[in-house]
2 protein chains.
Amino acid sequence: MRRALTARFCASFNSWRGGSMSECPPPQVVLFVLYSEFVDLSPWPAKMPTARLRVVVNGEMIEYYDISGCYILRPWAMSIWEVMQTFFDAEIKKMKIKNCYFPLFVSSGVLQKEKDHIEGFAPEVAWVTKSGESELEMPIAIRPTSETVMYPYFSKWIRGHRDLPLRLNQWCNVVRWEFSNPTPFIRSREFLWQEGHTAFATKEEADTEVLDILELYRRIYEEFLAVPVIKGKKSEHEKFAGGLYTTTVEAFVPNTGRGVQGATSHCLGQNFAKMFEINFENEKGEKAMVWQNSWAYTTRTIGVMIMVHGDDKGLVLPPKIASVQVIVIPVPYKDANTQGIFDACDATVKSLNEAGIRAETDFRDNYSPGWKYSHWELKGVPLRIEIGPKDLANNQVRAVRRDNSAKIDIPMADLVCQVKDMLDNIQQSLFDVAKQKRDACIQVVHTWEEFAEALSQKKMILAPWCDEEEVEKDVKTRTKGDMGAAKSLCSPFDQPALPEGTLCFASGKPAKKWTYWGRSY
Amino acid sequence: MRRALTARFCASFNSWRGGSMSECPPPQVVLFVLYSEFVDLSPWPAKMPTARLRVVVNGEMIEYYDISGCYILRPWAMSIWEVMQTFFDAEIKKMKIKNCYFPLFVSSGVLQKEKDHIEGFAPEVAWVTKSGESELEMPIAIRPTSETVMYPYFSKWIRGHRDLPLRLNQWCNVVRWEFSNPTPFIRSREFLWQEGHTAFATKEEADTEVLDILELYRRIYEEFLAVPVIKGKKSEHEKFAGGLYTTTVEAFVPNTGRGVQGATSHCLGQNFAKMFEINFENEKGEKAMVWQNSWAYTTRTIGVMIMVHGDDKGLVLPPKIASVQVIVIPVPYKDANTQGIFDACDATVKSLNEAGIRAETDFRDNYSPGWKYSHWELKGVPLRIEIGPKDLANNQVRAVRRDNSAKIDIPMADLVCQVKDMLDNIQQSLFDVAKQKRDACIQVVHTWEEFAEALSQKKMILAPWCDEEEVEKDVKTRTKGDMGAAKSLCSPFDQPALPEGTLCFASGKPAKKWTYWGRSY
């Protein structure tokens, strides 16, 4: 099936290269070109990166930019980001976390203060060295993340236990000048994120917050993006540079057989506190050091959602994050009461809007209903409503689900109620289907042979592991190849039983925990 | 009065330099050090920039940063930005303007495409030349504004008249590496803003939007920040580089006698459209060129508000933008029912919160009520509620206004209703007082002598002008000095009568319009 689609795609690719929406190619040509599909078909790094992008470009999520690794987020993508932002921002405000804004720039001295941290980021840091025609006295870095930007001020602001906890967040852009294959949303040189930075008097408080935030990240993926994730802990090798431990929500893309780090919540321990001298006088009047966390999610969330739900017709957006949940399309016929149909479309949108449903009509007179169906399918609108002469006569509308193409006639009297139900149902169904597919990719293994076989089948592999960093490095070395090496994804919080005597799949030493492994983005 | 305060300030300045809120200096030492005061007292550029910042720093709006011209926006400032953002974002969405996000970076070729435009910005552009240890092949600019970032894509997206209007906005940071005296909020090297970029089929539509947006800017200043502004048009000399005409809301700071450009809404005409080839096929099938606008307001809004309302005790925040509108302070006495007072404070906050009023208590036990009064006055909270034993006994609270120190006892039964009224009253009163002060600074002049005299008195000068660019340059030259040159602020839309034969105050030629002049930030 996929091979056939590819052949069709390649044959027609050149004929519409460079087309924009206003001169949209025939739907059957583009619609099967799934964003994620070509990762699967071509060696990694993909040889045809442009092809992979067709759906995000033609779905009007992204536009290429003339600087490599930078992308334009168009309103269709930005509105999704805003829905998540509204949710997350309100939740952290309930937790008394406050928004702030720290500068984009960081001086090189401060950036390099925490050694492990800067080792992790140094190769990707972009440097400003000139303003106008003048050389700067010292190069200035653009933040790849803001630990070193913020913590000198944490040190200044925190004096006594009453200044704790200090819980800040900012919504901003960061820059990581990566040289690996850029991919829209998933790996770009500039991206949008929120970054939370907090300091506590005790480790217990820090530990609690790490998990509270991780739960919000799970909710973003599962409740909003309808993407199932696994909560767990990163290995020592994969944890945040300079931190104590990293928790993560890990997603998986069945089509490409790759894991994706969805979002991470780090406990930094006291490492940065030591370097930046973030001390306070505790209740007993003794000098103590704070415990810190940092946590972030990025526009990558949108990319994961696209890859998990997209199908041969294009994007599939979960209703909760879709800026248009229902598109209403008039289907006039030659002799029909066209004005009556248009009025019914208007009335339908009005009723839905009044009920808080994001609905729009497409009245454009230069496109056929069929073209419009394909167009809005490509853009992933969860529910399409068609109104033709028969519907008008019967005082009903026809509703068509994007996710499973199911069609149903809805009497106008039941409109709002049934549309609401359908949207809820689509949201739940997208999650259920995605979970089913993801679960079908999970393979439990006990030996290296089973592991290698499962990896070749692009599975998300759950294996007993000795939890030694050298062994993880060894797994990476042994699995190197065109498709990229395997690495640990996370050790799930929800651990299956580990009977005494279970051995590590890779080293044969006694296993300490179950851990997910696989290739990843 | 101001001189006496300065003497007191200077005497005590060194004794608490470097203190943070947790080791707050005695209130009487800091409270009179108004943010804007020292602009007035020292030559321009100010010799004591640190002193000018004391209120914004001690009011916890801003923190200095180790890179000159960059400032940290603390939650107390950020929450104000968010209130304005929520308002403006909702309004432009009603106008069908959509949010997007374009990259921070712009290639040098694209940046230089519109000649006048780049001439205006080139000296202030920050350039990235390195990533990690590698030199980039070509230096990449950081956006000082996004006309040249966006318009190549407008050209790509706009093909036919059905693609118009295209109305985009983004919330982001921009960088202008200025070398003039940096001032928090007012002039910083990185700042936050929204920038709207729109394209229309006709000039009429563009003209209409320019004014619709300007009206939103007026509302931000007058309805939210309680700062009176004058709507008008910038001179040719002061208009946006590369644009057709610039409209502005101009504020004035009586304490320093300087105008401030509050926010600008530009009609770009077809200049950028020509350079970036933004063409479309109109309804008649002919090729036509779009008409464009761009418009922006920045975190400068907050600085203007601080300077206009601040007084000898510190910040004064209008209720609509204050993140804490009411601070409730327990005033326990030795033998009093302390728990009863604390409970009453809790109950008060609960009632106010339930009514949608942003209220908090300050239960800290290591500070006296007097210290807390000064602290929250410094931070500008509009209304203070004190609850002591007498209030408890009488089932009342005492409310004290920040703006005029008026005190009133409120029976608990009337709490919500009276507090709401007081907050509305404070909001209106701040605007009325500011407008009265601003109006008292406006001076109408007809001759150069009157102009020079009014300028020396730090007035906002309304003068008949011939509207010639050379004459404006000449005015600048003739007024150069320690305090900075005078320039045109705007020609107000609301023009007084200009009797035939009225001459230009500067050139003696026939006057074409009334224009505001003055020194400005």
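Which residues in H6(A) meet which residues in H10(A)? Hi everyone, let's start there. One thing to keep in mind as we go: this is a predicted model.

On the H6(A) side we have Val83(A), Met84(A), Phe87(A), Phe88(A), Glu91(A) and Ile92(A), and they meet Ile213(A), Leu216(A), Tyr217(A), Arg219(A), Ile220(A) and Phe224(A) in H10(A).

Now the geometry. Two packed helices are described by the angle between their axes and the distance between the axes. Helix H6 of chain A covers residues 75-94 and helix H10 of chain A covers residues 203-224; they pack at an angle of about 150°, and their axes are 11 Å apart. Angles over 145 degrees count as roughly antiparallel, so that is what H6(A) is to H10(A). The crossing here is right-handed.

Let's look at a second pair in chain A. Helix H13, residues 338-354, and helix H16, residues 415-441, have axes that come within 10 Å and cross at roughly 65°. That makes H13(A) roughly perpendicular to H16(A). This crossing is right-handed too. Thr348(A), Ser351(A) and Leu352(A) come from H13(A), and they meet Leu415(A), Val416(A) and Val419(A) from H16(A). In this contact there are four nonpolar residues, two polar ones and no charged ones.

Over to chain B for a moment. How many residues of H14(B) are buried? Eight of the 10 are, so this helix, residues 369-378, is mostly covered. The buried ones are Trp371(B), Lys372(B), Tyr373(B), Ser374(B), His375(B), Trp376(B), Glu377(B) and Leu378(B). If you follow the chain past H14(B), you reach Gly380(B), which has a positive phi near 85°.

Next, some backbone details, which you can find on screen. In chain A, the peptide bond joining Leu164(A) and Pro165(A) is cis, with omega about -10°. Pro165(A) sits in the loop between helix H9 (147-157) and strand E7 (166-175) of that chain. Chain B has a cis bond from Leu164(B) to Pro165(B), with omega near -10°, and Pro165(B) is in the loop between H9 and E7 of chain B.

Buried or exposed? Ala226(B) has 0% relative accessibility, so it counts as buried. Ser405(A), at 34%, counts as partly exposed.

Finally, how do the chains relate? Chain B can be laid on chain A by a turn of 180° with a shift of 0.0 Å along the axis, and the RMSD is 0.0 Å. That is the relation of a two-fold axis. In chain B, the C-alpha nearest that axis belongs to Val128(B), 2.1 Å away from it. And 98% of the interface residues of chain B are also interface residues in chain A, so the copies meet through the same surface.

Thanks, everyone!

How values were computed: Residues numbered from 1 in each chain as written. Chains lettered and ligands numbered in written order. Predicted model: local features only at pLDDT ≥ 70, side-chain atom pairs only at ≥ 80, totals over all residues. Heavy atoms only, no water. Axes fitted to C-alpha atoms, helices over the stretch in contact; angles between N-to-C directions. Helix = DSSP H or I, 4+ residues; strand = E, 2+ residues; numbered from the N terminus. Parallel < 35°, antiparallel > 145°, perpendicular 65-115°, else oblique. Left-handed = near helix turned anticlockwise from the far one by under 90°. Contact = heavy atoms within 4.5 Å. Nonpolar A, V, L, I, M, F, W, Y, C, P; charged D, E, K, R; others polar. Buried < 20%, exposed > 50% of the residue type's maximum accessible area, 1.4 Å probe, protein only. Least-squares fit on C-alpha atoms with pLDDT ≥ 70 in both.
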